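Have a look at the structure below. A few questions and answers about its side chains follow.

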Amino acid sequence: MILVTGATGAVGREVAGLLAAAGPVRILARRPERLTVRGDGVEVVEGAYGDRPALDRALEGVSSLFLVTNSPTDPDDERVAGAAAAAGVRHLVKLSMMAVEEAGADDFITRWQRRNEETIRASGVPWTFVRPRTFMSNTLSWAPGIRSAGVVRALYGDAPVACVDPRDVAAVAVAALTGAGHEGRTYAVSGPEAITVREQTAQLSRVLGRPLRFEELGLDAARKALLAKYPRPAAEAFLESAERQRAGAKAAVVPTVEELTGCQARPYRTWAADHADAFAAE
């Protein structure tokens, strides 16, 4: 039995779906009503990471675990790793981020994920870290502006990033969960090309068959928009990350998707075509 957490998120739902298509899978979900993966082979345990009895129920008889955590203030990695060790879990695959292996990255979110990885290592449970670059699905945040005004607003329109389709990240995670010899390994995961926001805007325009324009946000406007959605430490972390992207730190392409799955990583134009409905005009 494999346990999947984060199954309502961009990568976790894809991991759960891939596993459910091949055999039984168990999901720990704080809000089961939001799950999109269903079926006779899908077992759902309702509970949060802070609910140890629910966590123990979810981990009973589990051999491998896919772990996604999001709270920078709750000790969720420690909670899950400790419970997994007590349950005899033989392999923990952790969704991390590529920045943790980059010396120039020292923002709040990257430091948090580095601590999470250290916690997993210290737990004694054999681990694999999947470290993706920026998700292509993050551009869904442009949808309101595209639908209403045909405009994409973002920082640094000419800064390249080798963004990755969450479906490809999930495929790498499933390969690690179901294959042999992945314990103690770290896998950086990127898309097949470095692409800028201007280029993404142009590709979305072609996919949607309508003109789109890009408007570059100034730093103050970007900070104001982020602070409206996130606590200040997280907002400042996103701004620091954007500066690294502008400096070219996120442009490197790695072949992990093809090496672990046998399939080429999807380019942004494919992701955009598959999600065109999300950007359809109102």
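A salt bridge here is a side-chain nitrogen of Lys or Arg within 4 Å of a carboxyl oxygen of Asp or Glu. Keep in mind that this is a predicted model.

Q: Which residue forms a salt bridge with R244?
A: Side chains of opposite charge can pair when their charged atoms come close. For R244, the closest N and O atoms of the bridge are 2.4 Å apart. R244 sits in helix α9, while its partner lies 142 residues away, in the loop between β5 and α4. That partner is E102.

Q: Is R244 buried or exposed?
A: Buried means under 20% relative accessible area. R244 has a relative accessible area of 13%, so it counts as buried.

Q: Which residue's backbone oxygen does the side chain of S205 reach?
A: S205 has its place in helix α7, and it is buried, with a relative accessible area of 18%. Leaving out residues up to four places away in sequence, it touches R210, P211 and L212. At 2.7 Å, its side chain reaches the backbone oxygen of R210.

Q: How many salt bridges does the count come to?
A: One of them joins R31 and E33, at 3.1 Å from N to O. There is also a network linking E101, E117, R121 and R131. By the rule above, the count comes to 21.

Note on methods: Residues numbered from 1 in each chain as written. Predicted model: local features only at pLDDT ≥ 70, side-chain atom pairs only at ≥ 80, totals over all residues. Heavy atoms only, no water. Helix = DSSP H or I, 4+ residues; strand = E, 2+ residues; numbered from the N terminus. Buried < 20%, exposed > 50% of the residue type's maximum accessible area, 1.4 Å probe, protein only. Polar contact = N/O pair within 3.5 Å; in protein donor to acceptor, adjacent residues only side chain to side chain. Contact = heavy atoms within 4.5 Å.
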